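Subject: Structure handover

Hi there,

Here is the structure I promised to pass on to you.

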Amino acid sequence: MDPSSRIFGRSAELRRARERLAAAARGDGAVLAVVAEAGIGKTALLEAVVGEARERGWTVLSARGARLEGQLAFGVIVRLLARAARDAGVLEEAPEAARRLLDPRGGTVPDDDPFATLNAVFWVCLALADRGPLLLVVDDAHWADDASLRALAFVRERLDGLPVAVALGLRPGGAPVLGALADDARTERLALAPLGPAEGRRLVAQLAPQATDAQVDAALAATGGHPYYLVALADELAAVPSVAPEAVATLAPDGVVRLVLDRVTAAGEDAVAVARSVAVLGADAEVRHVAAHTGLSADAVTTAADALTAAHVLGPGRPLELAHAIVGAALLADLPAGQRAASHRRAAEVLRAAGAPPARAAQHLLATDPLGDPDVVEALLAGAAAARGPGDRETQVALLERALAEPPGDRRRVEVLTRLGIAERHLMRPGAREHLEAARALTTEPEAQVNLLFELAAVAELEGRMAEAIEWLEAGLARLDSDGADREARAVLAANAAASRLIGLVPVGDAVLTDLDARWADLAPGTPIARLVDAVQATVRGYRPGATVTQVAPYARRALGELVPRELVERPASLGLLPVAATLGLHEEVLDAVDPARTARETGSLWQTLAVTTWRAFAGLQAGRLAEAEAEALAAADGFGDDLPVGRAAAVAILALILVERRGAHAAAEALERLGEGPLAIPPVIQGLMARAARARVANALGDARTARAEAEALRDAMDGAFIEQPVHLPWRRELAIALRLEGDPAALELAVAHHELCVAFGAPAAVADALVVLGETAAADEREGRLREAVELAGTAGVPLVDARARLALGGHLRRSGRPGEAREPLLRALEIALECGALGLRATVQEELEACGVQPASGARDGTRGQLTPSELRTARLAADGLTNREIAQALFVTPKTVETHLRAAFRKLDLKSRRELAGALRQAA
Ligand SMILES: Nc1ncnc2c1ncn2[C@@H]1O[C@H](COP(=O)(O)OP(=O)(O)OP(=O)(O)O)[C@@H](O)[C@H]1O
Ligand SMILES: [Mg+2]
């Protein structure tokens, strides 16, 4: 077996060692010094060198320095040479001094004349080298006794012309004698660094073959590629294969603990306290924090820190930090749980007193035992209040749960419960409702009561219990109005109540809108609350029978300016504006106004981020950016999952509408299956109606007239009951007309006409163009062409490319069927172009079939379409993966769920035809 096959990396070092051995074999004697801190692999490398030497027929003698034997003169030399000298029978002829030193019967007595002993050692080496090249290996030379080192130096001076090599393994910073040997210009010095990522990966893969990429990455990160730690962690990983990547560093096995403690103890008296303090404090441990935490003086801390840095326990910089995460894990593993908790409690106190950010102090309290301490509750509340941004809602939940466990006194209990419930609501966690209700039962304070009503309503809305939401909001509003509370607070509640009615399919009367008008007039224009009221006005008006774009668009434009700024986080009502604005033809404005990454960053609200993602996908569909829209809709549908039927209904509906164009009706139908079965498949809210509309649309596309009719009729009945009308995205007449036409029912025409009239009245050109297509396809033969040409003309200017393509496809199809294939080509070719631009692969295929029926063979280039082409989201994800980020890190960086990352990566792998992450970087470069 190749002896070097057990070590990874180090090929450059091995090559240099080999060259030295070759030189020594030619009589150009050499010293090789492998220098590195503990555990970097000196011994491993020396073993590989020994293996190579033996294969080449060298005699190899080795010995190690031993920590407690430093005082024993010539100890190492004796261990190195005695047995070989005796076995080779060279002692008989050797000088007396050699026998005294090396003959075991003599009991290792060096000659009184030191020079005689050195000479004797050299004599023995010569005698042994007579039989062939000789390699003397002294590992752990930093612990070797000075006499032995002097003897080796003596030999080194006389190596010229001899086939003898000396190889040393040592940690840096040893005794002067050792320095003279190791740092000499003639010495080949191999300074080992930790393993690089590739070698580290291979090492872990060998020891823990089942470890996932994420676990391996975590192990590399925790150890910085330090082989000893890495080997130890990999062994643990092999034993505990299910450990979460975040927890890998904490596996700190016994061996590591011992090594770390050895080093720390060796660094001096205060070092243990300082190292532990740094480990407990975590990031950003300033010297003054450590001093306060340990009770040592700042000077003592600095001195200990220097020693710890020299021992590679701490890094060299300030603030103080551990050299490797695993060092911290080892230090903490050695600390009994009670002491550790106490140390964290003290850390929190120190950090608070030092004015550190509240969140930092609070983090420490998570690791302490509850003691009913009101100060702890205050610190946790302060930490939660300071936490913002993505992931911070999770932090808030953790801190507030801990505060609840402390437990807080009565005075603070309501606040803890309220804040916890709010954070949970944003994360869509089930505990939200329980905590908010508990808070509500405990308070009589009017403002808190109203706030809780508002939050409870938001939870109810999330879960699809609209009646409850409306009741709560209206109760809150009545209360505020009678209290004469401030205008803004009342406007917020009024707006939310109106939006909830609409979403909950409860008729919104004129009085509500007049009321909102009056409240708006009382607010300063352009402020967040005024914009919220505008948003709700646009939303409610956008669904009213008889609404027109001219009436509604001004509200929407005013609101859209700076949608969902941070102040609106707690006010979900504004989001309804987004789909409405898209129906008004303001889809580009919507795309400009919202950005899921920004929402995530500014609100830390998963719910809000998913909602924004959903509506962005809808606007993207209108704008004809299907690849991106598909990815967004998919992310939203995944994110809402099965527990939140309202969000899911909207996301799935939009996904299906996108897929009809992008991948065809079958893919869309498959996506609709995500709605599931049972009563919550179509929740009784506007979002549920969107799902119905999508089902009808997809059924029509599949030619399943029966289903389409049933869905369209159900949609109609629900809309009638709620007194709403929305010809663009809840177009029941359109779908019913198509279904009836498929069934050959003459009533189809009447509906198509009605739908067209409604769209004209509403005034959205794209919807009118689309209605003209339906009308053209339903109308009597002699009217068809006129209608379709009208549709094409209008669609060309309406700014909704897919309607444009559909209109041209319809016209082309009609012309071909009328026996004029030549005239059909022009509109069809344009439709093909648009479909390609939009990434509408399904639509493109239909257009292509039509073109082929007209006798046009599409150019081959047009056929392979987007194979190899990644969507922007896939590209972003793939790039980060190629940079070596784990799925979790990518998810954090892009504010999506890890599941979404997986989906994107899977798509990217498929499109680029790759098998592993490793091939990704190359493939991306090629594709660029
Ligand atoms: N390049 C490598 N490839 C694979 N395993 C390695 C490599 N280097 C070191 N190891 C493993 O890491 C552990 C520590 O290495 P080694 O004992 O050689 O370190 P060292 O530098 O000699 O440490 P010390 O100063 O404590 O003697 C061992 O289990 C060794 O097998
Ligand atoms: Mg070693």
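Alanine 635 sits in helix H32, which spans residues 626-640; helices here are DSSP runs of H or I with at least four residues, strands are runs of E with at least two, and both are numbered from the N terminus. Alanine 635 is buried, because its relative accessibility is 11% and buried means under 20% relative accessible area, with exposed being over 50% and partly exposed in between (1.4 Å probe, protein chains only). Once neighbours within four places in sequence are set aside, alanine 635 is in contact with Leu610 and Thr900, where contact means heavy atoms within 4.5 Å. Alanine 617 is 18 residues away from alanine 635 in sequence, and their C-alpha atoms are 9.8 Å apart in space.

Glutamate 630 belongs to helix H32 too. Is glutamate 630 buried or exposed? With a relative accessible area of 11%, glutamate 630 is buried. Its contacts, leaving out neighbours within four places in sequence, are Leu655, Ile658, Leu659, Arg662 and Arg663.

Before going further, a word on the ground rules. This is a predicted model, in which local features need pLDDT of at least 70 and side-chain atom pairs count only at pLDDT 80 or more, while totals for chains, interfaces and linings use all residues. Residues are numbered from 1 along each chain as its sequence is written, chains are lettered from A and ligands numbered from 1 in the order in which they are written, and side-chain values use heavy atoms, with hydrogens and water left out.

Now to the whole protein. There are 48 helices and five strands. The radius of gyration is 38 Å, whereas a compact globule of 928 residues would have a value near 30 Å; the radius is taken over C-alpha atoms, and the globule rule is 2.2 Å times the number of residues to the power 0.38. Along the principal axes, the C-alpha atoms fill a box of roughly 125 × 80 × 40 Å. Of the 928 residues, 55% count as buried. Among contacts with a separation of 6 or more, 66% come from residues 24 or more positions apart.

The accessible surface of the protein is about 38,300 Å², and carbon and sulfur atoms account for 51% of that; areas come from the Shrake-Rupley method with a 1.4 Å probe, and for residues only the protein chains shown count as cover. As for charge, there are 102 positive and 125 negative side chains, and the centres of the two sets are 2 Å apart. Lys and Arg count as positive and Asp and Glu as negative, without His or the chain ends, and each charge is placed at NZ of Lys, CZ of Arg, CG of Asp or CD of Glu.

How many disulfides are there? The count is zero, taking a disulfide as a pair of cysteine sulfur atoms within 2.5 Å. Cysteine 125 is buried at 3% relative accessibility, and cysteine 838 is buried at 5%.

A few backbone details may interest you. Most residues other than glycine have a negative phi, and most peptide bonds are trans. The bond from arginine 318 to proline 319 is cis, with omega near -5°, and proline 319 lies in the loop between helix H14 (298-310) and helix H15 (325-333). Another cis bond runs from glutamate 406 to proline 407, with omega near -10°; proline 407 is in the loop between helix H19 (392-405) and helix H20 (410-426).

Phenylalanine 74 has a positive phi, near 65°. Phenylalanine 74 is in the loop between strand E2 (59-64) and helix H3 (75-87), and it is buried at 8% relative accessibility. Phenylalanine 723 also has a positive phi, near 55°, and lies in the loop between helix H36 (705-722) and helix H37 (732-743). With a relative accessible area of 57%, phenylalanine 723 is exposed.

The loop between H36 and H37 also holds proline 731, which is buried at 8% relative accessibility. Not counting residues up to four places away in sequence, proline 731 touches Ala693, Gln726 and His755.
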